[in-house]
Amino acid sequence: MTAERPDPVLILCKSAGWDWSIAKAIIMVRPGGARTSSQDLDAIHADFDRLSPTTAQRVMRFWQARPRHRGRTTDEGGT
């Protein structure tokens, strides 16, 4: 959700069946979202409209299935 690009937000919203107004609201409250130009929002909206719910759900399943390594240190478990 804090990524520079809005794609993860679009995928989440589309997979949940939410409409553009919700996706736009989430994009606008992200860090830096208030600085998003109207031209950028138009392009993001077009991307949202092109994204199919099926594709978004497939990406969500992929994200959920992949291992989580973020935040782990190489020294976990002690030495």
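The chain holds four helices and zero strands, where helices (H or I, at least four residues) and strands (E, at least two) are DSSP runs numbered from the N terminus. The model is predicted: local features need pLDDT of at least 70, side-chain atom pairs count only at pLDDT 80 or more, and totals for chains, interfaces and linings use all residues. Residues are numbered from 1 along each chain as its sequence is written, and side-chain values use heavy atoms, with hydrogens and water left out.

**Exercise 1. The chain as a whole**

Task: State the order of the elements and the share of buried residues in the chain.

Solution. 
Step 1. Read from the N terminus on, the elements follow the order α-α-α-α.
Step 2. Apply the burial classes: buried means under 20% relative accessible area, exposed over 50%, and partly exposed in between (1.4 Å probe, protein chains only).
Step 3. Of the 79 residues in the chain, 24% are buried.

**Exercise 2. The aromatic pair**

Solution. 
Step 1. Recall the rule: rings of Phe, Tyr and Trp (its six-membered ring) pair if their centres lie within 6.5 Å; planes under 30 degrees apart count as stacked, over 60 as edge-to-face and the rest as tilted.
Step 2. Searching the whole structure gives one aromatic pair.
Step 3. Locate the partners: Trp-20 belongs to helix H2 (residues 20-29) and Phe-48 to helix H3 (residues 38-50). The pair links distant parts of the chain, 28 residues apart.
Step 4. Classify them: Trp-20 counts as buried because its relative accessibility is 15%. Phe-48 is buried as well, at 3%.
Step 5. Look for a charge over a ring (NZ of Lys or CZ of Arg within 6 Å of the ring centre and within 35 degrees of the ring normal). Lys-14 lies over the face of Phe-48, at 4.3 Å from the ring centre.

**Exercise 3. Salt bridges**

Task: How many salt bridges are there, and which residues form them?

Solution. 
Step 1. Use the definition: a side-chain nitrogen of Lys or Arg lies within 4 Å of a carboxyl oxygen of Asp or Glu.
Step 2. The count by this rule is two salt bridges.
Step 3. One joins Arg-5 to Asp-7, with 2.9 Å between the closest N and O atoms. Arg-5 is exposed, since its relative accessibility is 53%, whereas Asp-7 is partly exposed at 26%.
Step 4. Another joins the side chains of Asp-47 and Arg-50, at 2.3 Å from N to O. These two residues stand about one helical turn apart because they are three residues apart in helix H3.
Step 5. Asp-47 is partly exposed at 31% relative accessibility, while Arg-50 is exposed with 61%.

**Exercise 4. Sequence distance and distance in space**

Solution. 
Step 1. Begin with Pro-6, which is placed in the segment before helix H1 (7-16). Pro-6 is buried, at a relative accessible area of 12%.
Step 2. Turn to Ile-44 in helix H3, which is buried with a relative accessible area of 10%.
Step 3. Take Met-28, in helix H2 and partly exposed at 28%. Met-28 and Leu-41 are 13 residues apart along the chain, and their C-alpha atoms are separated by 9.5 Å.
Step 4. Finish with Ile-22, also placed in helix H2 and partly exposed at 36% relative accessibility. Ile-22 and Leu-10 are twelve residues apart in sequence and 9.7 Å apart between C-alpha atoms.
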